[in-house]
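Q: Please take a close look at one part of this model and describe the residues around it.

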Amino acid sequence: MERDEQALPYLQANLFSFPPSREPRLLNPLVLAYIGDAVYEVFIRQYVVSQTNHKPNHLHRLSTRYVSAKAQAKALQRWLPLLTEEETDIVKRGRNAKSGTTAKNADVLEYRHSTAFECLIGYLYYTQRWERLQQLLMLSLERDATSTTTGKGDA
């Protein structure tokens, strides 16, 4: 019965109804990054579908500008001055986690920062800090929007 009561806030506030098996701050940072990756992927897919060109190839190319390790590492750098002490601690845990894998198109530092980025997203998602999560996710879009209008699509 207790498990059902824990799921209630997720059912009310979210499409997904399975809370983590333990308190989010106690989860392995790679587990937080795992869910954070999925949350960010859905966010970006919703964003690109909200744009005007819905050709699948275009959707995919636009999405990869945001979900690549390089783009996520850049977004994290923009977030760092805005993070609380608690969020910074989560980022450090994610950055220092040893995953045993590497990204195909990123160096080790970008990959670690990307993991830290996803870890924080997963943490905010599981702690149900929707407004803060939305604020940071929207920030991850901002720089790319300005760089594409100047012709410098560096993300």
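A: The answer starts with one glutamate and then turns to a helix and a loop. This is a predicted model, in which local features need pLDDT of at least 70 and side-chain atom pairs count only at pLDDT 80 or more, while totals for chains, interfaces and linings use all residues. Residues are numbered from 1 along each chain as its sequence is written, and side-chain values use heavy atoms, with hydrogens and water left out.

Glu87 is found in helix 5 (residues 85-96); helices are DSSP runs of H or I with at least four residues, numbered from the N terminus. Glu87 is buried, its relative accessible area being 3% (buried means under 20%, exposed over 50%, partly exposed in between, with a 1.4 Å probe and protein chains only). The side chain of Glu87 reaches the backbone nitrogen of Thr84 at 3.0 Å. Leaving aside residues up to four places away in sequence, Glu87 touches Leu82, Leu120, Leu124 and Arg132, where contact means heavy atoms within 4.5 Å.

Helix 3 (residues 56-67) has Leu59, Leu62, Ser63 and Tyr66 buried. Seen down the helix 3 axis, these buried residues fall within an arc of 100°, so they line one face of the helix; the arc is that of the directions from the helix axis to the C-beta atoms. An α-helix has 3.6 residues a turn, so residues three or four places apart point the same way.

Gln128 lies in the loop between helix 6 (108-126) and helix 7 (130-149). Gln128 has a positive phi of about 60° although it is not a glycine, and is partly exposed at 26% relative accessible area.

Technical notes
Helix = DSSP H or I, 4+ residues; strand = E, 2+ residues; numbered from the N terminus. Polar contact = N/O pair within 3.5 Å; in protein donor to acceptor, adjacent residues only side chain to side chain.
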